Amino acid sequence: MLRIGVLVSGRGSNLQAIMDGIREGKIEASLELVISDNPQAYALERCKKHGVNFKVIERKSFKTKKDFERAMAQELKERGVELVVLAGFMRILSKEFLNFFPERVINIHPSLIPAFQGLEAQRQAVEFGAKLSGCTVHLVDESVDGGPPIVQAVVPVLPEDTAESLADRILSYEHRILPQTVQWFAERRVKIEGRKVIVEGARYGEVPINPALERF
Ligand code: GRF
């Protein structure tokens with residue numbers, strides 16, 4: 001069974017989607033540890049409620065970013081974590097952290113990257129006047145929200161949308177593509193060829209917008 005760790009900073013609704021997927025047997029993975037850099041994160045309440053192991057590791061407890069990241073990596077390694085999922089984790093990880101888990105750190109971002117990287121992606125989409133936006137699960141590299149996409153889901157941007165209403169619409173797809181991606185890793189179907197990430201057996205081409213959502 002794939003051993004996963006999830007890093008969070010806030011609300012934790014994507015974490016919840018993963019916990020639900022595991023409980024429902026749709027994700028064949030074990031959630032070994034949740035790390036939050038924010039002691040106030042609502043995600044921690046979710047861990048308590050569901051009996052999930054968690055640790056608060058705050059940046060301010062360490063002199064350097066390197067020490068902070070080492071502490072997180074060490075906790076994850078101690079629990080044998082193979083896949084690290086960033087689910088609303090609000091910090092940029094350095095190459096050194098990523099090297100502990102080569103090609104095994106993924107992130108969910110609420111836009112179709114490379115559009116609208118960085119903060120407030122949904123507001124950026126509304127203010128830009130985009131007609132389509134969505135969400136992306138991608139491999140994490142040193143760029144900010146710029147690593148190779150694994151799966152993207154598209155949603156329409158409506159004329160009356162606010163950043164909040166668009167965020168809600170996108171979020172419901174985040175809760176599908178992130179658990180789906182974790183399951184793909186659990187099934188060992190994710191092949192990485194440079195920037196191209198291929199999910200073996202996915203029905204690319206059959207569905208025009210939201211490819212390969214098999215179970216979620
Ligand atoms: C999501 O919109 C995610 O795409 C972004 O941060 C938000 C986290 O939400 N990276 P939650 O904490 O999972 O509810």
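Reader: Let's start with F116: is it buried or exposed?
Author: Keep in mind that this is a predicted model. F116 sits in the loop between β5 and α5. The cut-off for buried is under 20% relative accessible area. F116 comes in at 14% relative accessibility, so it counts as buried.

Reader: What is the phi of F116?
Author: F116 is a residue other than glycine, yet its phi is positive. The value is near 55 degrees.

Reader: And E120, is that one buried or exposed?
Author: E120 lies in the loop between β5 and α5. It has a positive phi of about 50 degrees although it is not a glycine. Exposed starts at over 50% relative accessible area. With a relative accessible area of 51%, E120 is therefore exposed.

Reader: Which residues are joined by a cis peptide bond?
Author: Look at the loop between β5 and α5, where P114 lies. Omega is about 15 degrees for the bond in question. The two residues it joins are I113 and P114.

Reader: Moving on to the open sheet, what is the order of its strands?
Author: There are 7 strands, and the pairing is mixed. At the edges, pairing on one side only, are β3 (54–56) and β7 (149–156). On average, neighbouring strands are turned by 20 degrees against each other, direction ignored. Reading across, the order is β3-β2-β1-β4-β5-β6-β7.

Reader: Which residue in β5 is the bridge partner of V85?
Author: β4 and β5 run parallel and are joined by 3 bridges. β4 is also joined to β1, again running parallel, by 4 bridges, and there V6 stands opposite V85. On the β5 side, the partner of V85 is I106.

Reader: Then what stands opposite I106 in β6?
Author: β5 (residues 105–109) pairs with β6 (residues 132–139) in the antiparallel sense. That pairing spans 4 bridges. Opposite I106 you'll find L139.

Reader: Which β4 side chains point the other way from L83 and V85?
Author: In a regular strand, side chains alternate between the two faces of the sheet. In β4, L83 and V85 point one way, and the residues on both sides are buried. Pointing the other way are V84 and L86.

Reader: At about what angle does α6 run to β7?
Author: Helix α6 covers residues 163–186 and lies across β1 (2–8), β2 (29–36), β4 (83–86), β5, β6 and β7. Its angle to β7 is about 155 degrees.

Reader: Why are the buried residues of α2 on the same side of the helix?
Author: The residues concerned in α2 (residues 42–50) are A43, L44, R46 and C47. They are on the same side of α2 because the arc they cover around the axis is only 155 degrees.

Reader: So what do they pack against, and which residues are exposed on the other side of α2?
Author: The buried residues of α2 pack against β1, α1 (13–23), β2 and β3. Just after the helix, G51 takes a positive phi of about 65 degrees. The exposed residues on the other side of α2 are K48 and K49.

Reader: Which element gives the largest share of the lining of the largest pocket?
Author: The largest pocket has a volume of about 810 Å³. Its lining counts 34 residues, with G88, F89, M90, I108 and P110 nearest the centre. At least two lining residues come from each of α1, β5, α5 and α6. The largest share, 4 residues, comes from α6.

Reader: What about the hairpin: which residue in its turn has a positive phi?
Author: β8 and β9 run antiparallel, joined by 4 bridges, and E193 has K196 as its bridge partner in β9. There are 2 residues between the strands. The one with a positive phi, about 65 degrees, is G194.

Reader: Is G194 buried or exposed?
Author: G194 is in the loop between β8 (190–193) and β9 (196–199). From C-alpha to C-alpha, G194 and Q16 are 31 Å apart in space, and 178 residues apart in sequence. At 57% relative accessibility, G194 counts as exposed.

Reader: Last one: which β9 side chains point to one face and are buried?
Author: The side chains alternate along β9.

Conventions:
Residues numbered from 1 in each chain as written. Predicted model: local features only at pLDDT ≥ 70, side-chain atom pairs only at ≥ 80, totals over all residues. Heavy atoms only, no water. Pairing = 2+ DSSP bridges. Axes fitted to C-alpha atoms, helices over the stretch in contact; angles between N-to-C directions. Contact = heavy atoms within 4.5 Å. Buried < 20%, exposed > 50% of the residue type's maximum accessible area, 1.4 Å probe, protein only. Arc of directions from axis to C-beta. 1 Å grid on protein atoms, 1.4 Å probe; cavity = no way out; pocket = protein on both sides within 12 Å on 5 of 7 lines; lining within 4 Å. Points joined across faces, edges and corners; volume = space filled by probe spheres on them.
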